[in-house]
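Hello,

Here is the structure I promised to hand over. Please open it first, then read my notes below.

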Amino acid sequence: MTHALIVIDVQNDFCPGGALAVPEGDSIVPGINALMDTAAAVVLTQDWHPGGHSSFASSHAGRAPYDLIDMPYGPQVLWPDHCVQGSDGSAFHPDLNADRADMIVRKGYRPGIDSYSAFFENDQTTPTGLDGYLHTRGITALTMVGLATDFCVNFSAVDAAKLGFDVTVRMDLCRAIDLDGSLAAARDGMAAAGVTLT
Ligand code: VGL
Ligand code: ZN
């Protein structure tokens, strides 16, 4: 069984001081770097939105961050502007050992659709290509860490389990946004999908 470490969105905008800061988001960086040293393969994901992205509240007149709207592909939380392509906020946390990455998957680059998962955009059908990459490398087991537990880690872990990977989420190396009970719902959803939470 070949094993990969998948590091989700450890970017400046999700760390304290960033545009969509996750409490203690930066505190997981040393532990993630240590895990990289032992991993057979390392994949980083990078939230990567064009300016004016449809997931930004600022793109919708009369809407505020954290409002929920209906998009053609389903419900969508509106976020503060974050991870705009090429901005400082979109860069990996400076202490993350990004040089160790074999592969960097960017997501959320289509203006009209968000992408929480590292595997599928939020329509749950448009692939990012990561499934093919992992398969062609013979990788069958994944350890997932990063930000945010209840959004991008959750959607990535559930999709990976549905795709047949053996998935473990290291909850100690994730941090959550926790909107209206979203962390508890994410734990339940991941466990129900067969993800191991440690
Ligand atoms: C994320 C909200 C918007 C995440 C990305 O990485 O969890 N959350 N974009
Ligand atoms: Zn985003």
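**Salt bridges and burial**

Glu121 is buried, with a relative accessible area of 3%. Buried means under 20% relative accessible area, exposed means over 50%, and partly exposed lies in between (1.4 Å probe, protein chains only).

This is a predicted model: local features need pLDDT of at least 70, side-chain atom pairs count only at pLDDT 80 or more, and totals for chains, interfaces and linings use all residues. Residues are numbered from 1 along each chain as its sequence is written, and side-chain values use heavy atoms, with hydrogens and water left out.

Now the partner of Glu121. Arg110 forms a salt bridge with Glu121, and the closest N and O atoms are 3.0 Å apart. A salt bridge here is a side-chain nitrogen of Lys or Arg within 4 Å of a carboxyl oxygen of Asp or Glu. Both residues sit in the loop between E5 and H2, 11 residues apart. Arg110 is partly exposed, at 35% relative accessibility.

How many salt bridges does the rule give? The count is seven.

Asp102 pairs with Arg137 in one of them, with the closest N and O atoms 3.0 Å apart. This pair links distant parts of the chain, 35 residues apart. Asp102 lies in the loop between strand E4 (74-77) and strand E5 (103-107). Arg137 lies in the loop between helix H2 (130-136) and strand E6 (139-147). Helices (H or I, at least four residues) and strands (E, at least two) are DSSP runs, numbered from the N terminus. Asp102 is partly exposed at 35%, and Arg137 is partly exposed at 37%.

Finally, Asp9, Asp47 and Lys107 are linked in a salt-bridge network.

Best wishes

Notes
Chains are lettered from A and ligands numbered from 1 in the order in which they are written.
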